[in-house]
Amino acid sequence: MSYVDVNGKQIEVDEDGFICDPDLWNEEIVRCFARLEGVDELTDDHWKVIHYLRGYYRQFGIAPMIRKLCKETGFNLQRIYELFPSGPAKGACKLAGLPKPTGCV
Amino acid sequence: MSWFFTGPFLYAAALLFLAGTAYKIISISRMPRHLRWELYPLPRLGAAGSRYQQVDHGRSPREISRLAEIGVMAEEILLLKKLFANRRDLWFGSYLLHVGLYFSIAGFGLVLTEAVLVSAGLAAAPASGSLAARVLGEVVIVAGIGGSAAGLFGAAFLLARRLTDPGLRDMSDPVTFFNLAFLVVLFASGLLAWTADGPLEQVRTHMASLLRGRPGVVPSTSLALAMTLSGLFAAYLPFSRMFHFAAKYFFYHRILWDDEPMHGGTAIQRDFAGYLRYPLTWSGEHLQPRKAWSEQLSSRDDAHQG
Amino acid sequence: MPRVPVKDFGSDTPVLSPLEPERLTQLPADAEPRAPMPPRDAWLEKYDFSLDGFSALGLPLPKTAEEEERIVSGFLRGLAKLFTRENNWAFLLPTALSTDYCMRCNTCNAACGVYEASGRQDVYRPNFRSELLRRIYRRYFSPQGKLLGKWTGAPELNWRVVYRLAELAYRCTLCRRCAGVCPVGVDNGLLCRELRKLFSMEMGIAPAALHKSGTVRHLATGAGTGMKPAAFLDNLEFIEEIIEEKTGKRIRIPVDKKGAEILLVHNSGEYLSWPENPAAFAIVFDAAGIDWTLSSASMGYEAVNYGLWYDDVQYARIAMAQVEAARRLGVKKIVVGECGHATKAIVTIADRLLSGDLRIPRESCLPLLEEIVAGGRVRLDPWRNDFPVTLHDPCNMVRLMGIVSPQRNILTRILPPGRFREMPSNGTENYCCGGGSGFAIMDAYNFPEWRNRVASRKKAQQVLTAFGDCLDPSVPKYYCAPCSNCKGAAREALMDCYRFRERYNILYGGLVELIANAMAELPGPFLSWETEF
């Protein structure tokens, strides 16, 4: 495990940079993670994806299927990759403060 | 000294061979039935090779073709087919070595059988010069010389390959070299003995004397040496990895080809019920120390988190 | 090339056998991915990379002599337990025989996809780790061994030997191709699994993906993905929408139907990553009039059993809970979807653990699909699948269960003549996709770099050979892998690492999707060749 400094606060992340305790998540953390993920500017489109993921995670405890993410946000996969260069799982989910999707996914 | 090694020592060696073989086979067959771990296709299931290609496989009767199974075994035992198919560069040497062993053992078996029959009065003594005795004598000589020569060549070839092929050399432990060297010496002594003067009569006489319980002295030094080494080999065999000839039966019939399904009320079910009562002593944190397997398995809610 | 003899396994070189990328077997130049990434400095400070420069386990480097000693003593304790009835009745006979009767002929070497693909680097020989196990066991636990000492050929035990051996237990996909060629019947795949088991059950060492976020989470949440029943039902609803989009028809996917003929259980990853697979099953079963259901109960909608790969207790806990879920539903039989390890785990390996009312028939979906296709229960137009297709044989269903012909009989009926082509080694002589034994989901540290380049390389070569006459991207091609894990490996290795989609226009997917794609009653194609979503 390692730590990321978010405005002086140490946030514990796993080896791939995913937050260890999703309850600690806040918008400060998103901005900090975004810099690390090579997302220079957080637009409304970014926030739309992040808020959808966050809401789904709160309701169901896991990340939604990618196809559903696309449908609900209205962005195709290509657009998601434009927004989050590391992709929906390694990029968008990380910014949304979800734990890393694991299992046969 | 020579009397000791071709007399009492051979009795001890024979006893060790028999006891060792029995001990090994019994301890292997007493091991618990394990969880299924087959490798397909199963020869006993014929052309289909598996029951799992059918819907409702459990409902159709298991048709078992022992003949197909025996065919596969025969190819293995007589031809070393897997080695031929997958490691041809070693096959010829290994094949000669095995044929050498088969021939040598066959020769020994023939002399032993003859001596038993003679002592029981069921056959004429070799000295009578009967046709049967003469034919048997020729066969034994051929088996002895042919077997020793083939075995010597095979073992020497394999030893040389093992010393020169870096891959084989790196993967061999000292025992591997020892076993091959032992076989080289054993077959060399056999070849020496069989090509010396009149080994057949000496072998027959000595076998008869051993059977009577009053071992004589073997006049030929080379024959005495071969007999001693054969005794040593026989005593060592069940405790060495060369016992694979017997273990192989279990590898195939009890593991790779064993698709025996569980049925209620059978021995297999009783056995497994028994195993589940064993206490487990692994120390992993997700396990409950010293509790029976059955308790470990019904403890979903206590599963260690993290 | 540097040689690594077994006895030197504990040497204090920083990396015993660094992977040499230039020795990997050749792929066509344009398919060769970049060289693997070295471990990050931050990892090197903390974790052991001393086997080959990769880490699957993230074993923390010991800091004190006491810690080093604990590693060695824990291993020796576990090794002793591996050979006792009480602790290892489940695999004692195979373990003991494979330990005692190897003749060191190396016949297994050429059969190993990993060893061959690596350019024959010593430590990846399938018998290398077995040989270590044998020699160490002999040296430390047999009377002769105590006499012979280093003449057993065993390395002097130190923490490096133990850690490297733990990592080495995760450089084999447990495909058991080697066992099929062994003249004696020795099973290096089994011994590799036994080593993993020793590490997990005695020392708590296992990849996080398999244990902590694998079986532990599976038992806690009901599915290996962490998908709880509410999420499962939500996904099903979404899949019903997908079906409606594709077919113009709303299908009610049956859930928790008591007493149904068939309980269909998928790898739960299908719902999240390949929803078109459960969708295609629903379409085909619905059209064929099958009496089937899914279960929404915890454990009832998840077929995976990662315990199969590393831990007997976790394995048995999951297998029994899965069958228990089926029993409560009162179904006549369990049919496992397109997931190889799950099929073998529940159908054959669990067989002797299940007694009384848990003796519910269990089978693979492939014979049932064959019956549907061959029995004319759905109307098919093979010309809808007018593109080249090759078939991957998932080890667990094919070599380890003998299911060879159903998938081929299906393909010949749903493809136009001449479209199906076999890979060079197929059927029970297939090669692993590189994702076997958990590799497809193990993505910690730089392990995926190794997996994609070494473990999946043989499959990449086979696919390129199978499509050798039509590699031009103008021809769309389909790599059919009826197994979730194999699809995972295809995505990570063949698509992301080797870029088969971009370079050659090769699409990957399961078998049932191809059946749905051939269904004449569908208004259009089921498969989508454009980028999904």
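Which residue of chain A forms a salt bridge with Glu276(C), and how far apart are the closest N and O atoms? I looked this up first: the partner is Arg67(A), and the closest N and O atoms are 3.0 Å apart. I took a salt bridge as a side-chain nitrogen of Lys or Arg within 4 Å of a carboxyl oxygen of Asp or Glu.

**Ground rules.** I am working with a predicted model, where local features need pLDDT of at least 70, side-chain atom pairs count only at pLDDT 80 or more, and totals for chains, interfaces and linings use all residues. Residues are numbered from 1 along each chain as its sequence is written, chains are lettered from A and ligands numbered from 1 in the order in which they are written, and side-chain values use heavy atoms, with hydrogens and water left out.

**Entry 1, chains A and C.** I counted contacts (heavy atoms within 4.5 Å) and found 21 residues of chain A touching 36 residues of chain C. The two chains bury about 2600 Å² between them, with carbon and sulfur atoms giving 54% of that area. Buried area here is the accessible area (1.4 Å probe) that two parts lose on being put together, summed over both. Met65(A), Arg67(A) and Cys104(A) supply 31% of the area that chain A buries against chain C, more than any other three residues.

On the side of chain A that touches chain C, the elements giving two or more residues are α2 (44-60) and α3 (66-73) of chain A. Helices (H or I, at least four residues) and strands (E, at least two) are DSSP runs, numbered from the N terminus. α3(A) gives the largest share, five residues.

**Entry 2, chains B and C.** Which of the two pairs of chains in contact shares the most contacts? My answer is chains B and C, with 79 residues from chain B and 97 residues from chain C taking part. About 7800 Å² is buried between them, and carbon and sulfur atoms give 61% of it. In chain B, Trp37(B), Met171(B) and Trp282(B) lose the most area to chain C, together 12% of what that side buries.

I found five salt bridges across this interface; one of the salt bridges joins Asp173(B) to Arg104(C), the closest N and O atoms being 3.6 Å apart. Polar contacts come to 40 residue pairs, both at pLDDT 80 or more. α11 (244-256) is among the helices of chain B that each supply at least two residues to this side, and α11(B) has the largest share, nine residues.

I saw no contact joining chain A and chain B; their closest C-alpha atoms lie 13 Å apart.

**Entry 4, a sheet in chain C.** I traced an open sheet of four strands, in the order β6-β5-β7-β8 with parallel pairing. Two strands pair if DSSP finds at least two bridges between them. β6 (420-421) and β8 (506-509) of chain C are the edge strands, each pairing on one side only. Three bridges join β5 (389-391) to β7 (477-480), and Thr390(C) stands opposite Tyr479(C).

Methods
Polar contact = N/O pair within 3.5 Å; in protein donor to acceptor, adjacent residues only side chain to side chain.
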